[in-house]
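Hi,

Here's the structure I said I'd pass along.

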Amino acid sequence: LWFKADGDSGQTDVIFSKFEDTSNQIFIKLNTDNKIVCAAIGGGETVIHHAGSTEIDALAGTWINVIFVSDRNGDSKFYVNKSTGTYGRSVTSGATTQNLDSTGIMMIGQRDNLASSNQYFPGKVDEVAIWQHADLSDFDDLAAAAIYNDGKPFDLRHDRGNYDAFTGKLVGYWRMGNGAFDDKAGG
């Protein structure tokens with residue numbers, strides 16, 4: 001996904017979630033220190049938890065690309081603007097055999113089921129994509145760089161450069177504002 005925060009709210013700001021309850025959820029968020037956190041929790045156990053070690057303050061007002069890749073064996077990768085190291089990361093792996101299926105609904109730009117009006121992400125979210133792929137080793141730094149595309153999103157339904165093994169594995173894609181009536185140049 002791509003996001004651009006309006007600013008550091010000083011609160012936890014959820015960008016993407018699949019939230020059944022606190023014991024069963026997957027999320028990408030900015031924590032209270034303005035660091036990106038990606039996690040998967042199943043059956044009350046943390047399966048994967050990535051936390052950036054550096055705030056994203058230097059990227060204020062810009063679009064940021066986040067790619068979170070994980071498998072059921074506890075292997076994962078976390079990219080920010082095509083890099084696993086730009087904003088540092090700490091990784092916690094736990095119950096690697098957990099099933100992450102849940103009855104929770106997927107939410108973009110919101111924490112969970114409208115329980116509170118202050119749970120909306122203060123910013124913009126774009127190009128949210130979900131893939132289902134059997135082999136995590138197929139996804140490498142070149143694929144992340146191709147998706148980042150020098151900061152210019154492209155249609156992930158079509159192969160491009162080193163993004164060539166994933167179009168057939170795309171199971172969800174929300175482009176947010178790229179509809180027929182969103183062509184500013186064409187009026």
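The largest nonpolar core in this predicted model has 22 residues, and Phe-3, Ile-28, Ile-36 and Val-66 have the most contacts inside it. By nonpolar core I mean buried Ala, Val, Leu, Ile, Met, Phe, Trp, Tyr and Cys residues joined through side-chain atoms within 4.5 Å; buried is under 20% relative accessible area, exposed is over 50%, and partly exposed is in between (1.4 Å probe, protein chains only). At least two residues of this core come from each of S1, S2, S3, S4, S5, S6 and S7 (strands are DSSP E runs of at least two residues, numbered from the N terminus). Beyond its neighbours within four places in sequence, Val-66 touches Leu-1, Phe-3, Ile-28, Ile-36, Cys-38, Phe-78 and Tyr-79, with contact meaning heavy atoms within 4.5 Å. There's also a second, separate core of 16 residues, including Ala-129 and Phe-166.

Now two serines. Ser-76 sits in strand S7 (residues 76-80) and counts as buried because its relative accessibility is 17%. Its side chain makes a 2.5 Å polar contact with the side chain of His-50 (N or O atoms within 3.5 Å, one able to donate a hydrogen and the other to accept it; residues adjacent in sequence count only if both atoms are side-chain atoms). Ser-9, in the loop between S1 and S2, is partly exposed at 33%, and its side chain has a 2.5 Å polar contact with that of Asp-13.

Housekeeping: numbering starts from 1 along each chain as its sequence is written, and side-chain values use heavy atoms, without hydrogens or water. Local features need pLDDT of at least 70 and side-chain atom pairs 80 or more, while totals for chains, interfaces and linings use all residues.

Cheers

Key: Helix = DSSP H or I, 4+ residues; strand = E, 2+ residues; numbered from the N terminus.
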